[in-house]
Structure formats: structure tokens, C-alpha cells
Amino acid sequence: MTKPSLPELLHAAVTAVGGTERPGQAAMAEAVAEAVDDNAHLLVQAGTGTGKSLGYLVPALAHGERVVVATATLALQRQLVERDLPRTVDALHPLLRRRPQFAMLKGRSNYLCLHRLHEGVPQDEEEGLFDQFEAAAPSSKLGQDLLRLRDWSDETETGDRDDLTPGVSDRAWAQVSVSSRECLGASKCAYGAECFAEQARERAKLADVVVTNHALLAIDAIEGAPVLPQHEVLIVDEAHELVSRVTGVATGELTPGQVNRAVRRAAKLVNEKAADALQTASEGFERVMELALPGRLEEVPEDLGYALLALRDAARTVISALGATRDKSVQDEDAVRKQALASVETIHGVAERITQGSEYDVVWYERHDRFGASVRVAPLSVSGLLREKLFAERSVVLTSATLKLGGDFNGVGASLGLAPEGTEGDDIPQWKGLDVGSPFDYPKQGILYVARHLATPGREGSRTDMLDELAELVEAAGGRTLGLFSSMRAAQAAAEELRGRLDKPILLQGEETLGELIKNFAADPETCLFGTLSLWQGVDVPGASCQLVVMDRIPFPRPDDPLMSARQKAVEEAGGNGFMAVAATHAALLMAQGAGRLVRATGDKGVVAVLDPRLANARYGSYLRASLPDFWYTTDRNQARRSLAAIDATAKANGQ
């Protein structure tokens, strides 16, 4: 029997999911198949509506080697595992003459831990050791959550937190889950044979396609302890998010509260001398942190340096001593010891990393209203790490609706550790960039309106002219507005102002769960939804409920953001343009994602309004505009209002 062609396979899969075949999807599938066959690397930009998940799944399944698909959002993981993969596998089975297996794999703390559930949490000293189910009164929210988790543990097949609906608070989940460092290990645990996390790992080992997230991919790459099974092909979807997720995993943090907890956990398990030394070091660290002012530490101050050295040395002593002491009064000592060891090892690791002072790390103080001060350390760049760990052993396909910034892939490529496309040389990963376009007719479906007449936004202060403009636009659109703000304070101020001015429901991020907000926004065309950066992705509301997307300003990083400003400075010291390489690239990605919320289906029409004149007037404005969908462009405020009113009238005439 002849091997089925890629177009045949793609046709079968698209038909099975009830989709429409798109030229961009076919071009993407061909390019992915070629990259995988040649063991090469591909960056592919596929606009909304291309059907990119099938564009990579079909050639990957046809290839037959094991594939890992890493995504940034839970929504896409679910879509792949619950919808796209089952239907695609069913459709391809008769043609491929085999049925590829697939599995989902997440970090250990995403799974219910049966040991924690049945034996209780090793509690901190001052709270005493108690059964958390007894201690949390059944009438309290925590108590109700814990009782529900206990019932759920008998029915769930996966133990995956995301399969529990409705969800529970982070506090409740922390009572029934462990990090990989706190885990006893399947061989030592009484519940090892039934462990949900271990079962997920076993399923992944047998699967042809493993769906995971960027964070687990980063842990697998950075920590050198393989979590993912061996694989020949890696597909990174939502790849524009990868650098920030990897940076997050590679960031260390120390807070006085965290150090105090470690002291309490270790106190009963080590000799008095070791416990006292850690206690004294903890108090010294706390005194230093009381005076900490937020900002980057170009050099570690002397007092912090001494406090961290004392912490590092005391933690090392405790780690050595933890193996020796056995205390008869401690119940379930192995679990208590493992939890104590995990928290002390974290402190030792971060303290040592900061005191060693690598030129490739950035150190800063942060202050949080609720949790007080922390000291943090993050890599200046993750590009070297990604080049070495990601591209060496396998074919890598990176895809997203936004990878091409300012007209090419080199900006995103550089952040991933890739030399400019076409650069030859030993040890230089070779890659190709491909933009397969979008099935949408952006110039006919959308308008990009830049409010050129407004004052340039300052760092502080109210923007009354911007709020007036916003109110007029929302009024013209008849509601139907997604407002994307550069800070939570700006979103709150705009919501408060417009609730006073307009007779339209204004929903605000934080007042309800994101899922509820999006559902309510989609249900009523007159409703507006205002939020901040995290809303710029993941809002998928096709149709007449979202016909105006407003951005209050270009979302450059804050000038006092320690990591971004350090990265900018490093580019400048190497002779590059730090502002364009860091701040403008950051803003371009966010704006492209934000503008992408407007047109989600072929019938959608609307306006993206940017209430920041710099997009029209500044030298970098053309770079940012070239990163956005190819909407019809205007700075005429009357044109924008007339268009919105016409789109609103059409929607109303159609009963929307």
C-alpha cells in the first residue's frame, strides 16, 4: 500500500474536526514535515484562524517519531488533548494503519498527592502537627475545599488539578500537593503504586505525542534532570511566551517568611547547634530586608552579602545534619524531613547564586504590599541557555500568531539564541522563518486608529483627554469594547470613570474569575471588559461582542523594571540598540497579541484604537505598526467614530 500523502492526511484531519482547509495551514504542514525530515529548525508565524495546531500535529503524527508539544496556556493544552488530538488520531488511523497514542504531562505540583491527602501536611512548628481536615472547620471555605478534594480523590482518574471543576484555592491545593523536591519518591512512598504524577509520567513514556507546558519544558532543559521522555521532535506553540516562561523558571527568590518557614521545618530534625545557626542567620537576613528599597543591585550591598553568606553556610550545615537526627516525636518523619530539606536546599541554592555574583545574573529587591520585601535573581538573558539546551538534540518547530516583529523573525530569533536567519558556521543552529499569513482580510475587516491628537502619556498623573476619547469611542461602538491597559491602576481608573459616565456595563479584571468575565462579556454586546496585560492573550470572543479593542498606551516595560533595564543596558554595552532590542520588541509582541483579539473569525469587523500618539509620531512607531495585523490605518478621530457607529448599526440590524 502506498504511503498516504500529506495533503490527504491533512484533508482527513480537517474534515474530522469540522474545519475548513486553508492555504496557510497546508503551507505550514509542508514546512513542518520538511523541517522534521531534515532534522532542522523552523519558526512559523500562523495568524489566527489558520488552524495551526493541525498544521503541526498532522506532519508530526505522520513522521512517526515521538513528539513533545509545549504550550503556554492551559486552554490550548486542553484543546489539544480533549479535541484536536482525539479527532485527528481517529481520522488518520485508517490512512496511517496505526493509532498514535497521546498523553498530557505537567509538573508534579499539578497532581493530587495521595500521601499528603491521607497522611496530612508536615506542619510548621508553631502550628503543631495536626490533621488539616480536622483543623479546617467544615464550615470554612478551606474546610469545604479540602472535603471536596478528599471526595474527588476517589473519582478522579488523573488527579490533575485542572480536571477539578469548580477549582479550589491555591491554599487548599497546597495542602494536597507536593513539589518534585518534597516528593518522597515512588519507591519510598506508601502510595507510590497509585501515584497520579507517576502514572502521568508512565503514560507519557508510552505516548507518541506528549503535550506539556513551557514551564516543564524549561525545568527539563535547565535542571538537567530529565522530566520529559526522550523525543526526536519538539513543537513549541505560543512560542512568543517561551522566553518569559523560561526566565520565570530560572529566577530565584528569597523572602524572610520563606526562610522562617525553613527554620521551623528543620528545627526538630537537626541538632540544636545547627538549628540555632540557621535561626540566627534568618534573623540577620530579616533585619537587612526590613530596610530594603525596591530596585536593581548592581553590586550586592555589604550587609546583604554578609546575611546571605551566613544563610548559605547555616543552610549547608542543616542539609548535612538532616540525614543524622531521628526524632521519635515526629510523625511521618520521612515526609517531614523531605519537606524541610526541600525548603533549606532552595535557600542554600539562591543564597549561593547571589553571593557568587555571576555577571550573567541580575539581582534586585522587590517590595510587595502583602508579603513585604524579597531579593530576586534572574538570568540577564536566557538565549545562550535556549541555544544550548533546546536546539542541540532534536528538530524544533516554534509557532505563534506573533513571531515576526517589525517585518522579520530575527528579533524573536535572537531572544531564543538563534543567529540571524541564513548565518552559516559551526555550532550555529540553522533555521528558517515562514509567515503563512492569515485567512482574514485584515484591511477590509479592521481599522487601526491612532489618536494622534492626544497628549503623550506621562509616567504618572491622570489622562483626562485619553478618558474622554475612550468614552466617545465606547459610546460610538455601542459597548462591545475590550479595553487593554498597561497597568491595573489605569484599568481601574478607566472603569471607575466610564461607569460614572456611560450607561453600559463595564466589567473589570479581578472582580470575577477571568472565565466568568469573558463569558459575561461575550453574552451581552453592550458590555465592556477592561483589564491588564494578562488579558491580552487568551481572550477569544469572535462576533459582535468585541468590535473595539482599545490600548491606552504603548506597553513598554516600566523604566524601573530591574531585569528589562539590565537587559537593555547589556545590549547597549555590546554596541546594539538596547531600546529597540528590548523595550520595543517587548511592546511589539504585546501589541500584536492585543490587536489579535479583534478579528477572530471571517465575519468579524471592528477597530483597534491606540490612545497613544507615539505610535503615529515617534521614530519607532513604524516598527511597532509593522508588527500588527495589516489593518486599514487612520489617525482621523471622526473616521474612527463613524466606522464604529456603522459597525454597531449593522450588528444591531442583525439582532446582535
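The model is predicted: local features need pLDDT of at least 70, side-chain atom pairs count only at pLDDT 80 or more, and totals for chains, interfaces and linings use all residues. Residues are numbered from 1 along each chain as its sequence is written, and side-chain values use heavy atoms, with hydrogens and water left out.

**Overall form**

- The chain holds 26 helices and 18 strands; helices (H or I, at least four residues) and strands (E, at least two) are DSSP runs, numbered from the N terminus.
- A compact globule of 656 residues would have a radius of gyration near 26 Å, so the 27 Å of the chain agrees; the radius is taken over C-alpha atoms, and the globule rule is 2.2 Å times the number of residues to the power 0.38.
- The C-alpha trace spans about 75 × 70 × 60 Å along its principal axes.
- Of the 656 residues, 52% count as buried (under 20% relative accessible area, with exposed over 50% and partly exposed in between; 1.4 Å probe, protein chains only).
- Among contacts (heavy atoms within 4.5 Å) between residues at least 6 apart in sequence, 77% join residues at least 24 apart.
- The accessible surface of the chain is about 29600 Å², and 49% of this belongs to carbon and sulfur atoms; such areas come from the Shrake-Rupley method with a 1.4 Å probe, and for residues only the protein chains shown count as cover.

**Nonpolar cores**

- A nonpolar core is a set of buried Ala, Val, Leu, Ile, Met, Phe, Trp, Tyr and Cys residues joined through side-chain atoms within 4.5 Å.
- The largest such core has 89 residues, and those with the most contacts inside it include Leu43, Leu242 and Leu398.
- Helix 23 (residues 578-595) gives the most to this core, with seven residues.
- A second, separate core has 41 residues, among them Leu9, Ala60, Leu92 and Val397.
- Leaving aside residues up to four places away in sequence, Leu242 touches His214, Leu217, Val236, Leu386, Leu390, Leu398 and Leu416.

- In strand 1 (residues 41-45), five of five residues are buried.
- Strand 1 runs parallel to strand 11 (residues 431-435), joined by five bridges; two strands pair if DSSP finds at least two bridges between them.
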